[in-house]
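Hi,

Here is the structure I said I'd pass on. Have a look at it first, and my notes on what turned up follow below.

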Amino acid sequence: MKVKLTDIARRAGVGHATVDRVLNERGGVKPDTAKRVLDAARELGLARTLAKLYRNGLRFEVLLGRRDNPPMRTDQ
């Protein structure tokens, strides 16, 4: 029997979108909720590699500018 997202969601007590976010490591899910999802997927025998530990990734932006650009000048 093929395991479906809705089966995992029902067992974990979450919505299918949450299961999708956890299994595809998109973030935005509390670690304890993600653990419930991963545990439910393992219990149901989902045939794919599952993360051992769910980590919420850090995102940041870097702004690079040229030195001759007025906001970046250091000789003022």
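Let me start with Arg-10, which counts as exposed at 62% relative accessibility. For the burial words I use, buried is under 20% relative accessible area, exposed is over 50%, and partly exposed is in between (1.4 Å probe, protein chains only).

A quick note on the ground rules: this is a predicted model, so local features need pLDDT of at least 70 and side-chain atom pairs count only at pLDDT 80 or more, while totals for chains, interfaces and linings use all residues. Residues are numbered from 1 along each chain as its sequence is written, and side-chain values use heavy atoms, with hydrogens and water left out.

Back to Arg-10. Its salt-bridge partner is Asp-7, with the closest N and O atoms 3.6 Å apart. By salt bridge I mean a side-chain nitrogen of Lys or Arg within 4 Å of a carboxyl oxygen of Asp or Glu. Both residues sit in helix α1, three residues apart, about one turn of the helix. (Helices are DSSP runs of H or I with at least four residues, strands are runs of E with at least two, and both are numbered from the N terminus.) In contrast to exposed Arg-10, Asp-7 is buried, at 19% relative accessible area. Leaving aside neighbours within four places in sequence, Asp-7 is in contact with Met-1, Lys-2 and Leu-44, where contact means heavy atoms within 4.5 Å.

Just after α1, Gly-13 takes a positive phi of about 75°. Gly-15 and Leu-5 are ten residues apart in sequence, with 8.9 Å between their C-alpha atoms.

Now for the other two helices. How do α2 and α3 pack against each other? Their angle is about 90° and their axes are 10 Å apart; the axes are lines fitted to C-alpha atoms, for helices over the stretch in contact, and the angles run from 0 to 180 degrees between N-to-C directions. That makes α2 roughly perpendicular to α3, going by these classes: under 35 degrees is roughly parallel, over 145 roughly antiparallel, 65 to 115 roughly perpendicular, and the rest oblique. On the α2 side, the contact is made by Thr-18, Val-19, Val-22 and Leu-23, and on the α3 side by Thr-33, Ala-34, Val-37 and Leu-38. These residues divide into six nonpolar, two polar and no charged (nonpolar: Ala, Val, Leu, Ile, Met, Phe, Trp, Tyr, Cys and Pro; charged: Asp, Glu, Lys and Arg; polar: the others, Gly among them). One of them, Thr-33, is buried at 14% and touches Val-14 and Thr-18, not counting residues up to four places away in sequence.

Next, the core. Nonpolar side chains tend to be buried together in soluble globular proteins. Here the largest nonpolar core has 16 residues, and those with the most contacts inside it are Ile-8, Val-19, Leu-23, Val-37 and Leu-46. (A nonpolar core is a set of buried Ala, Val, Leu, Ile, Met, Phe, Trp, Tyr and Cys residues joined through side-chain atoms within 4.5 Å.) α1, α2 and α3 each supply at least two residues of this core, and α3 gives the largest share, five residues. As for Leu-23, leaving aside neighbours within four places in sequence, its contacts are Leu-5, Ile-8, Leu-38, Leu-46, Arg-48 and Leu-50.

Glu-25, however, has a positive phi near 50°. Glu-25 lies in the loop between α2 and α3 and counts as exposed at 59% relative accessibility.

Last, the rest of the charge pairs I'd point to. The whole structure holds five salt bridges. Among them, Asp-39 pairs with Lys-35 at 2.9 Å between the closest N and O atoms, and these two lie four residues apart in α3, about one turn of the helix. Asp-39 also meets Arg-42 in a salt bridge (4.0 Å, N to O). Arg-42 is partly exposed at 40%. Through shared partners, Lys-35, Asp-39 and Arg-42 join into one network. Asp-39 is partly exposed at 29%, as is Lys-35 at 49%.

Cheers
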